[in-house]
Structure formats: C-alpha cells, structure tokens
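This report describes the sheet, the charged pairs and the aromatic rings of one model. The sequence and structure come first.

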Amino acid sequence: MPISIATSKPIDRKALIGKVLRTANYRVSTEDVQDFMGVMPQPSGSTEKAPQIAPPTFAPLVAVLGLLRTFDWSADFEFDYRDGTAMFGEQSIEFHRPLYVNEEVEISAMINDVYEKSGRQKFDVVELAFKIKGDRDGQLVMTGKQSYILFK
C-alpha cells in the first residue's frame with residue numbers, strides 16, 4: 001500500500017486583491033506625540049508647551065500602528081506568523097490636512113496588490129491602500145500605501 005505524503009497547496013494570495021479589511025481607530029495622544037518628539041533634538045532653553053498639531057513625521061507611526069489593527073495575519077493574508085517570517089516593506093503617504101493632537105482617527109484599508117518575488121527564497125509582497133479620517137471634521141487626514149513581505 002503506497003504511503004501518501006500530504007503536501008501543502010501553494011497559496012495564491014493574488015485572490016486577496018480587493019479584499020476590504022476591518023476599520024480601526026487610533027487616538028493621537030499628547031503623551032505619544034511628546035514621547036515621539038522627545039527623541040528629536042530640542043533647542044536649548046526651550047519651554048515649549050504641548051503641541052496642538054502632531055509633526056508630519058509622526059504620521060507614518062500612526063499609519064503603521066493603525067494598519068496593524070486592520071488585519072489578522074492568518075485570516076486576511078493566509079499567513080501563519082508563528083512559523084513564518086513577515087517584514088514591513090515600503091510606505092507612501094499623501095497628506096490632506098494636519099494631524100491634531102487628541103484627535104481620534106479611523107483607518108480603513110484594502111488589499112491593493114499582491115505579487116510574488118524571489119531572492120534566496122520566494123515571497124509575496126502584499127500592498128495595502130489606506131485612508132485615514134479624523135473625527136475633528138470627518139475629513140481625510142492622509143491616504144497612502146503600505147506593503148508587507150511574507151516569506152513562503
């Protein structure tokens with residue numbers, strides 16, 4: 001009697017293109033912005049009070065933290081993070097208005113593209129397109145794309 005060895009079927013993540021992910025929220029807290037600005041050099045003798053507008057360099061942090069809340073590695077990307085390797089790829093952001101301190105933003109995203117590449121081994125690049133709206137006026141704060149590399 002022949003012994004059959006189960007082989008896993010290759011994952012076709014291209015079928016995920018167009019999938020809308022769950023929305024997530026992130027509050028731009030005074031503490032987070034001050035912690036972030038604390039790693040940036042301050043002019044000597046500066047007695048600045050808490051900022052009302054987050055610096056533009058804070059926005060990528062909001063995008064990364066917010067987007068990580070919009071998906072589940074296994075359910076949305078068919079990826080087992082317990083034994084697989086995932087890496088952050090690229091990010092591009094278009095600003096539409098300032099990001100205000102103490103504002104809660106809503107992050108929505110969808111899988112925009114998936115393509116396979118190879119180096120030492122094959123991997124998929126999953127690109128998300130996102131929109132981030134503020135609760136201050138309901139308007140877009142930023143839009144952009146972010147990619148993740150999922151090794152096979």
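Is D80 buried, partly exposed or exposed? D80 is partly exposed, because its relative accessible area is 31%; buried means under 20% relative accessible area, exposed over 50% and partly exposed in between, with a 1.4 Å probe and protein chains only. The model is predicted, so local features need pLDDT of at least 70 and side-chain atom pairs count only at pLDDT 80 or more, while totals for chains, interfaces and linings use all residues. Residues are numbered from 1 along each chain as its sequence is written, and side-chain values use heavy atoms, with hydrogens and water left out.

**The sheet**

Helices (H or I, at least four residues) and strands (E, at least two) are DSSP runs numbered from the N terminus. Two strands pair if DSSP finds at least two bridges between them. The model has an open sheet of 5 strands in the order β1-β3-β4-β5-β2, and the pairing is antiparallel. The edges are formed by β1 (24-27) and β2 (86-95); each has a single partner strand, so one side of each is left without a neighbour in the sheet. From one strand to the next the twist averages 30 degrees; axes are lines fitted to C-alpha atoms, for helices over the stretch in contact, and angles run from 0 to 180 degrees between N-to-C directions.

Strands β3 (residues 104-118) and β4 (residues 122-134) run antiparallel and are joined by 13 bridges.

S29 is in the loop between β1 and α1 (30-38). S29 counts as buried because its relative accessibility is 15%. Apart from neighbours within four places in sequence, S29 is in contact (heavy atoms within 4.5 Å) with V101 and N102.

**Salt bridges**

Side chains of opposite charge can pair when their charged atoms come close. A salt bridge is taken as a side-chain nitrogen of Lys or Arg within 4 Å of a carboxyl oxygen of Asp or Glu. The count by this rule is 9 salt bridges. Three of the pairs are tabulated here.

| Pair | N to O distance |
|---|---|
| D124 and R13 | 2.8 Å |
| D80 and R82 | 3.0 Å |
| R97 and D137 | 3.1 Å |

D124 lies in strand β4 and R13 in the segment before β1, so this pair ties together parts 111 residues apart in sequence. D124 and R13 are both buried. They also belong to a network of salt bridges that links R13, E116, D124 and K152.

In the pair formed by D80 and R82, R82 is exposed, with a relative accessible area of 69%.

The salt bridge between R97 and D137 links distant parts of the chain, with R97 in the loop between β2 and β3 and D137 in the loop between β4 and β5, 40 residues apart. R97 counts as buried at 13% relative accessibility, whereas D137 counts as partly exposed at 40%.

**Aromatic rings**

A pair of aromatic rings is described by the distance of the centres and the angle of the planes. Rings of Phe, Tyr and Trp (its six-membered ring) pair if their centres lie within 6.5 Å; planes under 30 degrees apart count as stacked, over 60 as edge-to-face and the rest as tilted. By this rule there are 10 aromatic pairs. In one of them, W73 and F77 have ring centres 5.7 Å apart and planes at 75 degrees, so the pair is edge-to-face. Both residues lie in helix α3 (residues 73-77), 4 residues apart, about one turn of the helix. W73 counts as partly exposed at 21% relative accessibility, while F77 is buried with a relative accessible area of 0%.

W73 also pairs with Y148: the ring centres are 5.7 Å apart and the planes stand at 90 degrees, so the pair is edge-to-face. W73 lies in helix α3 and Y148 in strand β5, so the pair ties together parts that are 75 residues apart in sequence. Y148 counts as buried at 3% relative accessibility. Ring pairs link F71, W73, F77, F79, F88 and Y148 into a cluster.

A charge over a ring is also found. R136 lies over the face of Y100, at 3.7 Å from the ring centre; the rule asks for NZ of Lys or CZ of Arg within 6 Å of the ring centre and within 35 degrees of the ring normal.
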